[in-house]
Amino acid sequence: MNASPADQRRLLDLADLDVRIRQADQMRKSPPQGARVQELLARRQQLSQELTVRLGARDDLRTEISRLESDVSVVDARIARDQQRLAGSSNTKEVAGFESELTSLAKRKSDLEDVELELMDRLEQADTAVAEQEALIAATNAEGAELSAEAKRVVAEATASFEQATRDRGAVAAGIDAALLAMYDRVAARGVGAGLLQRNTCEGCRMVLSGTDMNAIRQAKPDAVVTCPECGCILVRTEESGL
Ligand SMILES: [Zn+2]
């Protein structure tokens with residue numbers, strides 16, 4: 001295949017644009033924040049499950065405490081009733097009975113209050129445990145929101161860059177001979193489409209070419225399209241090639 005050296009050079013611009021298009025496409029499809037956002041979503045789910053457990057434990061304590069409080073009210077009511085009856089009684093045997101019952105009611109009330117104090121203590125710990133878990137979830141949500149916003153910005157930038165590079169590619173491609181462009185596209189479908197030859201090295205694959213290959217390239221006419229014997233890309237020769 002033959003093509004003008006100027007058209008061959010344009011292939012280098014095309015190859016640069018193809019790299020930019022590919023990178024921007026990759027970036028807009030999977031921004032670097034994606035993995036961490038996924039991690040945070042999984043972590044939030046774990047944290048929420050633990051929060052449910054802690055909320056359940058706190059609810060149980062609240063239920064226990066209110067049951068205990070109603071037990072204390074029952075005892076209080078009995079104490080009031082016994083005291084009233086005691087005040088209104090002159091029967092020694094009855095008085096002794098009320099006094100004995102009042103003593104055991106006082107003991108019962110004191111026991112209930114001891115348990116209640118212990119439960120209140122545990123409720124305080126449960127409140128702290130819930131608050132800690134809620135703080136962790138809030139921090140996870142905040143980091144997730146920040147990263148999502150960052151990812152959105154990256155995707156928007158990459159999309160703009162992708163669209164710009166695609167437009168530029170269209171303009172560059174329009175100026176290249178159709179047959180050469182078709183050859184480039186065929187090669188580019190497998191990897192790098194075109195690379196500059198510089199210091200005996202193909203910039204497409206970074207391989208140093210052998211002396212035999214370099215001799216063959218030196219003998220090729222400027223119009224001849226040569227390819228890299230290592231990677232198959234179109235080797236573009238310019239004054240930088242040092243031939
Ligand atoms: Zn190569």
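Modeller: Arg-10 and Asp-7 form a salt bridge, with the closest N and O atoms 2.4 Å apart. A salt bridge here is a side-chain nitrogen of Lys or Arg within 4 Å of a carboxyl oxygen of Asp or Glu. Note that this is a predicted model: local features need pLDDT of at least 70, side-chain atom pairs count only at pLDDT 80 or more, and totals for chains, interfaces and linings use all residues. Residues are numbered from 1 along each chain as its sequence is written, and side-chain values use heavy atoms, with hydrogens and water left out.

Colleague: Where do Arg-10 and Asp-7 sit relative to each other in helix H1?

Modeller: They are 3 residues apart in helix H1 (residues 5-29), so about one helical turn separates them. Helices are DSSP runs (H or I, at least four residues) and strands are too (E, at least two), numbered from the N terminus.

Colleague: Is Asp-7 buried or exposed?

Modeller: Asp-7 counts as buried, at 10% relative accessibility. Arg-10 is partly exposed at 33%. The cut-offs: buried is under 20% relative accessible area, exposed is over 50%, partly exposed is in between (1.4 Å probe, protein chains only).

Colleague: What does Lys-29 pair with?

Modeller: Asp-25, with the closest N and O atoms 2.8 Å apart. Both lie in helix H1, 4 residues apart, about one turn of the helix. Lys-29 is exposed, with a relative accessible area of 62%. Asp-25 is buried at 17%.

Colleague: How many salt bridges are there in the whole structure?

Modeller: A search finds 16.

Colleague: Switching to domains. What does the assignment give?

Modeller: Domain 1 is 5-16 + 176-241, and domain 2 is 27-174. The bounds come from an automatic or database domain assignment. The domain centres, taken over C-alpha atoms, are separated by 67 Å.

Colleague: How many residues are in contact between domain 1 and domain 2?

Modeller: 7 residues of domain 1 contact 4 residues of domain 2. Contact means heavy atoms within 4.5 Å. About 430 Å² is buried between the two domains, and carbon and sulfur atoms give 56% of that. Buried area is the accessible area (1.4 Å probe) that two parts lose on being put together, summed over both.

Colleague: Which residues in domain 1 lose the most area to domain 2?

Modeller: Leu-14, Ile-176 and Leu-181, together 72% of what that side buries. The count of salt bridges between the domains is 1.

Colleague: And what does Asp-185 bridge to?

Modeller: Arg-169, with the closest N and O atoms 3.1 Å apart. Asp-185 is partly exposed, at 34% relative accessibility. Asp-18, Arg-169 and Asp-185 are linked in a network of salt bridges.

Colleague: Last topic, the metal. What are the protein donors of the zinc ion?

Modeller: Cys-202, Cys-205, Cys-228 and Cys-231, each through SG, lying 2.3 Å from the zinc ion. Donors are N, O and S atoms within 2.8 Å of the metal (3.2 Å for Na, K and Ca); water is not among the atoms, so sites may look incomplete.

Colleague: Why is the arrangement called tetrahedral?

Modeller: Because the 4 donor atoms subtend angles of 106 to 115 degrees around the zinc ion. Four donors count as tetrahedral if all angles lie between 85 and 135 degrees.

Colleague: What spacing do the donors follow along the chain?

Modeller: C-x2-C-x22-C-x2-C. Cys-205 is in the loop between strand S2 (201-202) and strand S3 (207-208), and Cys-228 is in the loop between strand S4 (226-227) and strand S5 (234-236), so the pair ties together parts 23 residues apart in sequence. Cys-228 is buried at 3%, while Cys-205 is partly exposed at 23%.

Note on methods
Tetrahedral: all angles 85-135°; square planar, octahedral: opposite > 155°, others 65-115°.
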